[in-house]
Amino acid sequence: MEPVVNWNPREVSIWLDKKGHSKYSRILTEDHCIDGRALLLINEADLKSPPISINVLGDIKRLMLDIRQLKVENRQTLLQLGFDPISLLTKPVCSAHVYGTQFRPDPFNFYDDIHMNHGSDVTATSSHSSEFEEERRLKPEIWKALIAMGYLFTVTWITAFVMVIVHDRVPDMKKYPPLPDIFLDNVPYIPWAFHMCELTGTVLCFVWLAVLVFHKHRFILLRRFFALSGTVFLLRCITMIITSLSVPGTHLECTPRKKPAYLDDGNFLGEMVYKMQQAYVIWRGAGMSIQGVRTCGDYMFSGHTVALTMLNFSSLNTLHVTYICYIRSVGS
């Protein structure tokens, strides 16, 4: 016998007649062109609502009972032909696992279907099954978070060291005056604005930590945050090395650091140790002026902007998405 997914409307009509549903054969097969695949996707709501609108409850229940039985009988055939029994879309059948989780070969379990509510259908079953499989796929994988954390830790050290190098390469303000800027040249200097920026970042950091404490998938969020932040700061290091700009304003006093006397003889190893010490000061204070860090260099790639952007996306946006998901779950 031809597989049910290959049935044309005429073969569906024959099956309906055989099962005693001949009075609905015309409306299903002729008016609405129901073939084998569409027959397997029909649910009880489709039969009750327009355009089919069957008004006899007993007929609806008997027809759905036969359709469900048809799904059970053809489940293995669908798998062998390469169809997903849930969506009836073609899928590879050679793999026993899908995206790391075991494929459930019994989505159309007849007895489970009988115990479902009368309004339940295959679409709801497939939706719940998909959510279940998705939930199982989200594994913490702490080792990935640790690798990403090590990556960010290494990049922050590189960033601090590059900032030491850039500080010593700041162009002379007398020879290279600040670049013209429409906004900065017309807005009065606000001494506390930079500190306020850093305080805002600190508050966002605490919000982000609170999100991680209470979030279900905290390790997934962590590894993504570490990976993205590390990559962005690594790109920032490249721009700082390539391009050295003049000091952004006359209110800043930026001159290369005075090296200790023991470095005047060209001691390379001692100079590297000195730069590493300066880099540690920057790294320990997270590059923030409120931590006592003082660096110069008009960076094209602002570290404060990067930190604020990453913390905003990671904390506030995560809270926003979580709130939306909660509202939808309550509403449903």
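Predicted model: local features only at pLDDT ≥ 70, side-chain atom pairs only at ≥ 80, totals over all residues.
How many aromatic pairs does a search of the whole structure find? The search finds seven.

**Aromatic pairs**

A pair of aromatic rings is described by the distance of the centres and the angle of the planes. The table gives these values for two pairs.

| Pair | Centre to centre | Angle between planes | Class |
|---|---|---|---|
| Phe 153 and Trp 283 | 5.4 Å | 85° | edge-to-face |
| Trp 157 and Tyr 280 | 6.3 Å | 25° | stacked |

Phe 153 belongs to helix α9 and Trp 283 to helix α12, which covers residues 268-284, so this pair ties together parts that are 130 residues apart in sequence. Planes over 60 degrees apart count as edge-to-face, and the 85° between the rings of Phe 153 and Trp 283 therefore puts the pair in that class. Phe 153 has a relative accessible area of 45% and is partly exposed. Trp 283 also counts as partly exposed, with a relative accessibility of 29%.

Planes under 30 degrees apart count as stacked, so the angle of 25° makes Trp 157 and Tyr 280 a stacked pair. Trp 157 is partly exposed at 23% relative accessibility, and Tyr 280 is partly exposed at 37%.

Through ring pairs, Phe 153, Trp 157, Tyr 280 and Trp 283 are linked into a cluster.

**Helix α9 against helix α11**

Helix α9 (residues 142-167) also meets helix α11 (residues 218-242): their axes come within 8 Å and cross at roughly 20°. Angles under 35 degrees count as roughly parallel, and α9 and α11 are therefore roughly parallel to each other. Their crossing is left-handed. Sorted by class, the residues in the contact of α9 with α11 are 19 nonpolar, four polar and three charged.

**Annotated spans**

An unreviewed UniProt entry carries the annotation "transmembrane region" for residues 145-166, 189-213 and 225-247. In the model, residues 145-166 are 100% helix and 0% strand, with 31 Å between the end C-alpha atoms. For residues 225-247 the content is 78% helix and 0% strand, and the end C-alpha atoms are 31 Å apart.

**Backbone features**

Most residues other than glycine have a negative phi, and most peptide bonds are trans. Some places in this model depart from that pattern.

Which residues does a cis peptide bond join? The bond lies between Pro 50 and Pro 51, with omega about 10°. Pro 51 is located in the loop between α4 (44-48) and α5 (57-73).

Cys 33 is not a glycine, yet its phi is positive, about 55°. Cys 33 sits in the loop between α2 (25-31) and α3 (36-41). With a relative accessible area of 51%, Cys 33 is exposed.

Glu 141, which is not a glycine either, has a positive phi of about 50°. Glu 141 is placed in the loop between α8 (122-137) and α9. Is Glu 141 exposed or partly exposed? Its relative accessible area is 28%, so Glu 141 is partly exposed.

Conventions
Residues numbered from 1 in each chain as written. Heavy atoms only, no water. Axes fitted to C-alpha atoms, helices over the stretch in contact; angles between N-to-C directions. Helix = DSSP H or I, 4+ residues; strand = E, 2+ residues; numbered from the N terminus. Parallel < 35°, antiparallel > 145°, perpendicular 65-115°, else oblique. Left-handed = near helix turned anticlockwise from the far one by under 90°. Nonpolar A, V, L, I, M, F, W, Y, C, P; charged D, E, K, R; others polar. UniProt positions renumbered as here; feature names shortened; annotations may be inferred. Phe/Tyr/Trp six-rings, centres within 6.5 Å; stacked < 30°, edge-to-face > 60°. Buried < 20%, exposed > 50% of the residue type's maximum accessible area, 1.4 Å probe, protein only.
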